[in-house]
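Please keep the sequence and the coordinates at hand while reading.

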Amino acid sequence: MQRIFDNIFCFLLTMIIFCSCELTKEIDYKTTGKTDWIVINGFISKEHGVNVLVKKTVSPNRIDDNDIIDKPDVWLHINNKAFARLVAIDQYRYYLPPDSIEYTPGALYNIHVDAVGMESARSGEQQLVSRFEIDTVYVVHDTINWNEKIYIEFVDDTEKDNFYAIKIDCFKDGETDNYFDLNEIVPKYTFTDEGYNFQVKKSFQFSCQDYDSIQVKLYSVSENYHHFLSSFWDYEISYSDYNYDTQYVVETQIENGFGFFASYEVNNYIYKKPIY
C-alpha cells in the first residue's frame, strides 16, 4: 500500500504546477525531461527522530520506472547550518534517532539532499509542534443505524491554530487485523481545531467484528503537512471528477524538488472495552 501511494505521489507531482507560500514556482515542462527531480517526504518528532523518504521523479506515463536515487547525501540542517547526516535504512528511507538531535524551542529544521547528476533539493524550514494529551475515550452504540461511534476528547491550545490526525486500531487478545498501515508514520487525513473552543470532541464511526481494546493515537501535526494533504486530496477529487471546472494543484515545500518536510508528535490512549 505504501509503495502504491508513493507512486501516485510521484505521478501527480510530475503532472501539475506546484505552489506554496514559501516556494511558489511553475514547472517548465520543456526542461523536466532533461533531469530528474528529487522527492522528499519527511517528518521530525522529538519522540521518533527524523524519518525521510527520498526518491526521484519518473515520467508520468512510466510510473513503474526505477525511482531510486543512488546513494544520495541526506542532511538535517538546524537554523540553516548542517547538523547531521541521516543514516540509510534501505534504498528509500533515511533516519536520525531522537537522542542524536538537538531540540531547541523556536529552532528551524530542514532537510538537504544532494545526489550526483541532480540539482540539490532543500525542504522548507520547520519548527517543532507540541504534543496534546487525550483526556478521555468512550464508545457509543447506535441502535438505529446499528453501528458504533468512538468519541475522543482532548484540550486544545486556543492561543494558536492547531492541526491534528487520529488513528484508531482495534485489538483482540493483543492482535489487530489492521495490517495495511501499521508502518504508516502519520495518517494521511488531518483536521483543524476550527470551530472548537478549548475542548475538542471528535467522533468516528468504526467497525470491528470483535475487540477487547482500542488503541487511539492523537497526532499533532505542523500546518504545512495539513495543507499539503488538503491540496493533494483536492487534486485527487478535481482530477478524477468531470464535474469540477477547476483542477486544483498540490503544494510543495521543496526547493528544486517535490514533497514536504513536517513535524509531528503523538499521544497514545488505550480504551478497554467494558465487561458486562
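## A buried glycine in a loop

Gly-124 is placed in the loop that runs between strand E8 (121-123) and strand E9 (134-142), where strands (E, at least two residues) and helices (H or I, at least four residues) are DSSP runs numbered from the N terminus. The relative accessibility of Gly-124 is 8%, so this residue counts as buried, a class that means under 20% relative accessible area, with exposed meaning over 50% and partly exposed lying in between (1.4 Å probe, protein chains only). Between Gly-124 and Tyr-109 the C-alpha to C-alpha separation is 8.3 Å in space, and the two are 15 residues apart in sequence.

## Basis of the model

This is a predicted model, in which local features need pLDDT of at least 70 and side-chain atom pairs count only at pLDDT 80 or more, whereas totals for chains, interfaces and linings use all residues. Residues are numbered from 1 along each chain as its sequence is written, and side-chain values use heavy atoms, with hydrogens and water left out.

## The chain as a whole

The protein chain contains 2 helices and 16 strands, and of its 276 residues 45% are buried. Of the contacts (heavy atoms within 4.5 Å) between residues at least 6 apart in sequence, 70% join residues at least 24 apart. The chain exposes about 15400 Å², of which carbon and sulfur atoms supply 49%, the accessible areas coming from the Shrake-Rupley method with a 1.4 Å probe, and with only the protein chains shown counting as cover for residues.

## Salt bridges

Side chains of opposite charge can pair when their charged atoms come close. With a salt bridge taken as a side-chain nitrogen of Lys or Arg within 4 Å of a carboxyl oxygen of Asp or Glu, the count comes to 8 salt bridges. One of them joins Lys-56 to Asp-36, with the closest N and O atoms 3.7 Å apart. This pair links distant parts of the chain, since Lys-56 belongs to strand E2 (residues 49-56) while Asp-36, 20 residues apart from it, sits in the loop between helix H1 (2-15) and strand E1 (38-45). Lys-56 counts as buried because its relative accessibility is 18%, whereas Asp-36, at 33%, counts as partly exposed.

Lys-55 forms a salt bridge with Asp-67, and here the closest N and O atoms are 3.5 Å apart. The partners again come from distant parts of the chain, 12 residues apart, with Lys-55 in strand E2 and Asp-67 in the loop between E2 and strand E3 (73-78). Lys-55 is buried at 2% relative accessibility, and Asp-67 is buried with a relative accessible area of 2%. A further salt bridge brings together the side chains of Arg-93 and Asp-90 at 2.8 Å, N to O; Arg-93 is partly exposed at 43%, and Asp-90 is partly exposed at 32%.

## Strand E2 and its partners

Which strands pair with E2? Pairing requires that DSSP find at least two bridges between two strands, and E1 and E2, which run antiparallel, are joined by 8 bridges. E2 is largely enclosed by the rest of the structure, because 8 of its 8 residues are buried.

## Positive phi angles

Most residues other than glycine have a negative phi. Asn-80, which is not a glycine, has a positive phi of about 70°; Asn-80 lies in the loop between E3 and strand E4 (81-85) and is exposed, with a relative accessible area of 55%. Asp-173 likewise has a positive phi, near 55°, and is found in the loop between strand E11 (163-171) and strand E12 (191-192), where Asp-173 is exposed at 62% relative accessible area.

## Surroundings of Ser-213

Ser-213 is located in strand E14 (residues 213-221) and is buried, with a relative accessible area of 10%. Leaving aside residues up to four places away in sequence, Ser-213 touches Asp-169, Cys-170, Phe-171, Ile-270, Tyr-271, Lys-272 and Lys-273.
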